[in-house]
Amino acid sequence: MTPHGIITDEWIVSYASGALSEAHALVVASHCHYHPELQQKVLDAEAIGGGLMENTQPAEISDDLFEDLMSKLDGVPANDEPALQDSKLPAPLAEYLDKPLDELKWKMMGPGLSQVRLWTGPNDERLWLLRAKGGAKVPAHDHNGLEMTLVLQGSYRVGEAQFTPGLMEIADDDTRNHCPEIDHGEDCICLVVTEAPIKIHSLIGRLVQPFIGL
Ligand code: ZN
């Protein structure tokens with residue numbers, strides 16, 4: 001059984017194979033940054049995938065590109081995340097943002113809640129950051145498709161379950177009346193990806209895209 005707040009092996013394999021969208025890949029990479037055992041799983045899955053690719057190497061992927069991908073993967077476990085403002089962002093996210101949190105375009109989305117949209121993909125997939133004051137409540141909601149939430153700072157609860165930095169919450173169509181409550185204290189900052197019905201993109205041509213931002 002997968003521990004509380006940790007993604008399943010299916011996600012690891014999808015990530016390692018490049019089957020995830022840019023947003024999902026970034027959230028998974030950032031999540032893995034907090035957990036050395038997940039980083040090892042990614043490397044293992046990648047090694048297996050690399051072996052498979054030697055037999056079915058698509059023509060459009062050059063050796064250079066593949067090596068670049070591998071070096072990027074090697075970079076995932078690095079623990080040298082830059083300290084931005086008062087928070088420590090996982091390296092993949094810090095690299096993606098390329099600027100301090102306070103310089104992003106935060107927009108109010110409710111009492112004590114603000115957000116900044118980072119990316120909008122096909123099928124209306126959205127990657128965004130949520131910043132919530134301690135004690136704030138996210139309005140109850142249902143979902144169209146998957147919602148992945150990675151805690152970067154602070155913490156929140158959904159019923160009995162508490163989510164702290166590095167833990168991931170996955171909600172879906174079956175998660176009714178989702179109503180996260182921010183713990184009192186510091187602001188809670190989360191990286192969130194929400195999507196429309198299509199969950200996983202499995203185009204071989206996107207193998208490298210999530211990692212090198214093509
Ligand atoms: Zn939700």
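Me: Which residues form a positive surface patch?

Reply: This is a predicted model, where local features need pLDDT of at least 70, side-chain atom pairs count only at pLDDT 80 or more, and totals for chains, interfaces and linings use all residues. Residues are numbered from 1 along each chain as its sequence is written, and side-chain values use heavy atoms, without hydrogens and water. The positive patch is made of Lys99, Lys105, Lys107 and Arg117.

Me: Is Lys99 buried or exposed, or partly exposed?

Reply: Lys99 sits in the loop between α5 (91-97) and β3 (107-110). Buried means under 20% relative accessible area and exposed over 50%, with partly exposed in between (1.4 Å probe, protein chains only). Lys99 has 36% relative accessibility, so this residue counts as partly exposed.

Me: What separates the C-alpha atoms of Tyr34 and Pro90?

Reply: Tyr34 lies in the loop between α2 (22-33) and α3 (36-55). Its relative accessible area is 25%, so Tyr34 is partly exposed. Tyr34 and Pro90 are 56 residues apart along the chain, and their C-alpha atoms are separated by 7.4 Å.

Me: In β10, which residue is the bridge partner of Tyr156?

Reply: Strands are DSSP runs of E, at least two residues, and helices are runs of H or I, at least four, numbered from the N terminus. Two strands pair if DSSP finds at least two bridges between them. Strand β7 (residues 156-158) pairs with β10 in the antiparallel sense over 2 bridges. The partner of Tyr156 in β10 is Ile182.

Key:
Patch = residues over 30% accessible without salt bridge, like charges linked within 9 Å, V, L, I, M, F, W, Y side chains within 5 Å. Areas by Shrake-Rupley, 256 points an atom, 1.4 Å probe, with all protein chains shown as cover. Salt bridge = Lys/Arg side-chain N within 4 Å of Asp/Glu carboxyl O. Lys, Arg positive; Asp, Glu negative; His and termini not counted. Charge placed at Lys NZ, Arg CZ, Asp CG, Glu CD.
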